[in-house]
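Here are my notes on this model, as promised. Have it open while you read.

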Amino acid sequence: MTEAGGALLIDVDGTLVDTNYHHALAWYRSFRRYGVTLPLWRIHRSMGMGGDQLIAAVAGQEVEDRCGDAIRAAEKEQYGELIGEVQPLESAHDLLADLHAAGRCVVLASSAKREELDHYLDLLDARNVVNAWTDSSDVEATKPKPDLVYSALQKVGASTGTMIGDSVYDCVAAGRAGLPSIAVLTGGFSREELKEAGASDVFETLAELRDKLLP
């Protein structure tokens with residue numbers, strides 16, 4: 001799936017850990033705290049987008065300017081109450097371990113907050129089976145901006161690679177960085193949406209993805 005020596009940049013939220021609906025609920029509650037009521041389905045459509053981008057995208061620039069930082073702080077608090085319920089998606093650790101055993105260069109290209117990513121690394125038992133990882137502190141602008149993709153490549157000194165994610169924003173960010181992308185359906189986006197966003201292949205499960213990457 002990648003050129004020789006190319007890195008595999010793997011998203012975490014929604015791709016390796018089943019967090020998208022927990023985050024959507026946390027955002028919903030946080031918007032409500034500041035007098036903004038949005039339908040949950042609309043918030044879900046922005047999962048995979050970084051918090052620096054999401055508020056203006058779903059609620060408008062006026063809300064971002066008025067109380068964006070407060071809503072983001074509230075989301076951190078609300079999600080902190082839910083993170084204990086989060087579980088790895090089936091085959092997530094096995095995928096990482098098998099890629100590591102095969103000598104593949106793997107970077108977890110995440111825009112999660114540092115403390116959340118630390119929790120996921122432990123949950124996935126991933127620290128010894130990936131080459132590097134990113135978090136939101138590594139960039140000023142998160143997906144769908146391409147900055148996180150560039151940062152992930154820099155972490156391992158790679159010039160090429162493939163993005164693996166669950167959202168249209170993963171695919172768009174990869175495309176803006178000039179990289180191909182492949183996707184899984186674990187985040188709740190449709191096959192057609194992911195393809196339209198640039199994914200060359202879409203898999204239903206991580207096990208199917210593993211079989212393609214490691215035939």
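The points below cover a helix pair, the nonpolar cores and one histidine.

1. First, the ground rules. This is a predicted model, with local features needing pLDDT of at least 70, side-chain atom pairs counting only at pLDDT 80 or more, and totals for chains, interfaces and linings using all residues. Residues are numbered from 1 along each chain as its sequence is written, and side-chain values use heavy atoms, leaving out hydrogens and water.

2. Helices α3 (residues 51–59) and α4 (residues 61–80) pack at about 135°, with axes 9 Å apart. Helices here are DSSP runs of H or I, at least four residues, and strands are E runs of at least two.

3. Who touches whom? On the α3 side, G51, D52, I55, A56 and A59 meet Q61, V63, E64, G68, I71 and R72 of α4, contact meaning heavy atoms within 4.5 Å. By class, that contact has five nonpolar, three polar and three charged residues (Ala, Val, Leu, Ile, Met, Phe, Trp, Tyr, Cys and Pro are nonpolar; Asp, Glu, Lys and Arg charged; the others, including Gly, polar).

4. The largest nonpolar core has 33 residues, and L16, L96, L108, Y120, L209 and L213 touch the most other members. A core joins buried Ala, Val, Leu, Ile, Met, Phe, Trp, Tyr and Cys through side-chain atoms within 4.5 Å. A second, separate core of 23 residues includes M47, M49, V58 and V202.

5. H22 sits in helix α1 (residues 20–33). At 19% relative accessibility, H22 counts as buried (under 20% relative accessible area, with exposed over 50%, partly exposed in between, 1.4 Å probe, protein chains only). Beyond neighbours within four places in sequence, H22 contacts Y79, L82, E85 and V86.

Definitions and conventions: Axes are lines fitted to C-alpha atoms, for helices over the stretch in contact, and angles run from 0 to 180 degrees between N-to-C directions.
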